[in-house]
Amino acid sequence: MQGKTEFMQQAIQLATENVTSGRGGPFGAVIVKDGKVIATGTNQVTASNDPTAHAEVNAIRNACTALGTFKLDGCEVYTSCEPCPMCLAALYWARCEAIYFGNCASDAAKVGFDDSFLYDEMTKPLSERTIPIVRMLPEQAWESFAAWEKSPLKVEY
């Protein structure tokens, strides 16, 4: 059984190999449950033309497939860099038990991956954000929530 240091080293190695192979950005993630690697992921944003294909998101997708569930209860995440806002939210939604990271957000900013803009945007009122965000048809939109509330088929999460 590997330890925390070895899992972090694996995440860092994935990140480095992703760069040196030309497959993507310098980010790698490892998801562990009960002391065993369940899944890994690397940054595939440019390789897949998918802005959500960050290492942590890819690792979450792979782990959920491997475990056959959308919840990663009891899982630890080892990531080569502090998760961006999107990845952090995804890790919370997946209900991971712990997150360990190597490089911090300020390190990422030094090499061109600056998330400070996103953190700043989230604190602004909707009317002041860079991308317009406008609420429309709230009464009509509620119909889907009403259907959810009544549905005997819903899976709580």
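1. Thr42 sits in strand E2 (residues 36-42); strands (E, at least two residues) and helices (H or I, at least four) are DSSP runs numbered from the N terminus. The model is predicted: local features need pLDDT of at least 70, side-chain atom pairs count only at pLDDT 80 or more, and totals for chains, interfaces and linings use all residues. Residues are numbered from 1 along each chain as its sequence is written, and side-chain values use heavy atoms, with hydrogens and water left out.

2. Is Thr42 buried or exposed? Thr42 is buried, because its relative accessible area is 17%. Buried means under 20%, exposed over 50%, partly exposed in between (1.4 Å probe, protein chains only). The side chains of Thr42 and Gln44 are joined by a polar contact of 2.9 Å. Such a contact is a pair of N or O atoms within 3.5 Å; within protein, one must be able to donate a hydrogen and the other to accept it, and residues adjacent in sequence count only if both atoms are side-chain atoms.

3. Beyond four places in sequence, the contacts of Thr42 (heavy atoms within 4.5 Å) include Leu14, Phe27, Ala55 and Asn58. Ala55 and Asn58 are also among the buried residues of H3.

4. Helix H3 covers residues 55-67. Its 13 residues should span 18 Å at 1.5 Å a residue, and the end C-alpha atoms are 18 Å apart, so the two agree. The expected span is 1.5 Å times one less than the number of residues. Cover for the buried residues of H3 includes strand E1 (28-33), E2, strand E3 (75-81) and H4. Gly68 follows H3, with a positive phi near 70 degrees.

5. Trp93 lies in helix H4 (residues 85-93). Trp93 counts as exposed because its relative accessibility is 60%. With Phe70, Trp148, Val155 and Tyr157, Trp93 forms a nonpolar surface patch of about 620 Å² accessible area together. Patches are made of residues with over 30% relative accessible area and no salt bridge; like charges are joined within 9 Å, nonpolar side chains (Val, Leu, Ile, Met, Phe, Trp, Tyr) within 5 Å. A salt bridge is a side-chain nitrogen of Lys or Arg within 4 Å of a carboxyl oxygen of Asp or Glu. Areas come from the Shrake-Rupley method with a 1.4 Å probe; for residues, only the protein chains shown count as cover.

6. Met122 belongs to helix H6 (residues 116-123). At 48% relative accessibility, Met122 is partly exposed. Leaving aside neighbours within four places, Met122 contacts Pro85 and Arg129.

7. Overall, the chain has seven helices and four strands. Of its 157 residues, 30% count as buried.
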